[in-house]
Amino acid sequence: MFISHLHYRLIGKRMRLVGLTGGISSGKSTVSNLFKAHGILVVDADVVARDVLRKGTGGWKKVVSAFGEEILQPDGEVDRPILGQIVFSDPGKRQLLNRLLAPYISSGIFWEILKLWMKGTKVIVLDIPLLFEAKMDRWTKPIIVVWVDPGTQLQRLMARDGSSEEDAQNRINAQMSLDLKRRKADIVIDNTGSLDELNEEFQKVLCEVTKPLTWTEFGLSRQGALSVLISTIVGVTFCRNIFNNNSRL
Ligand code: ADP
């Protein structure tokens with residue numbers, strides 16, 4: 001009974017970090033919402049990025065000193081549309097903004113993961129638009145890329161944001177190519193079809209993501225880490241006993 005209870009505890013508290021990414025308007029947020037609707041916890045890098053730019057934070061100070069007070073609203077918060085216009089029309093400034101905020105965003109994501117890990121969450125989806133660019137794909141398995149064909153991507157972006165074709169195309173061109181991201185993926189969700197087709201494909205992905213953990217993933221879990229610690233202590237005690245027994249011989 002003790003063993004089956006222990007087994008239940010070990011199985012019940014494992015953790016998998018799933019990477020979810022895509023290109024602008026490829027349908028990443030739509031897939032992220034499907035995960036949430038199925039009870040999977042999602043850490044959203046865009047939400048973390050918003051938090052690290054709140055008035056008075058370290059990220060806010062760095063960005064204000066680099067871009068000047070003209071990016072601020074009267075209440076002192078960053079005026080995101082203005083900052084967006086500046087960085088989307090200038091690749092150098094975009095890189096600068098990414099460089100300034102990257103450490104704050106990664107540590108924000110890390111803390112979110114840690115909080116969920118402490119609670120014993122089994123599967124966490126990391127919804128990170130710049131998963132590959134920020135090299136955070138190292139920490140996630142499987143990596144899911146939401147892909148669409150270029151024409152559909154452009155049409156959906158224009159429809160969603162009400163932007164002109166030129167503006168939408170510039171935003172797409174400013175990103176790492178979706179085909180390159182596709183080649184780096186473990187799982188590709190082709191979102192060129194209808195929402196019903198997406199839902200159908202998503203069900204298969206959900207099965208893949210929620211299947212039992214591998215031993216490596218288990219080792220990363222809180223219980224896995226505890227097991228390693230316990231086996232190390234047990235191992236050291238066992239070795240000491242052998243050593244003591246031997247020295248008595
Ligand atoms: P991302 O988060 O990758 O930028 P979104 O999930 O916001 O992309 O999707 C972009 C737009 O396309 C949204 O308006 C969304 O409702 C729409 N959309 C996503 N998937 C489909 C689909 N399979 N069929 C039709 N519209 C879709």
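**Close-ups of rings and charges**

**View 1. An Arg over a Trp ring.** R182 places its charged end over the ring of W147, 4.2 Å from the ring centre. Here a charge counts as over a ring if NZ of Lys or CZ of Arg is within 6 Å of the ring centre and within 35 degrees of the ring normal. This is a predicted model, where local features need pLDDT of at least 70 and side-chain atom pairs count only at pLDDT 80 or more, while totals for chains, interfaces and linings use all residues. Residues are numbered from 1 along each chain as its sequence is written, and side-chain values use heavy atoms, with hydrogens and water left out.

**View 2. An Arg over a Phe ring.** R171 lies over the face of F88, 4.0 Å from the ring centre.

View 3. The structure has two aromatic pairs (ring centres of Phe, Tyr or Trp, taking its six-membered ring, within 6.5 Å; planes under 30 degrees apart are stacked, over 60 edge-to-face, the rest tilted). F35 and F202 make an edge-to-face one, with 4.8 Å centre to centre and 75° between the planes. It ties together distant parts of the chain: F35 sits in helix α2 (residues 28–37) and F202 in helix α10 (residues 195–210), 167 residues apart (helices are DSSP runs of H or I, at least four residues, numbered from the N terminus). F202 is buried, at 0% relative accessible area (buried is under 20%, exposed over 50%, partly exposed in between, with a 1.4 Å probe and protein chains only).

**View 4. Around F202.** Beyond neighbours within four places in sequence, F202 contacts V31, L34, F35 and H38 (heavy atoms within 4.5 Å).

Notes:
Helices (H or I, at least four residues) and strands (E, at least two) are DSSP runs, numbered from the N terminus.
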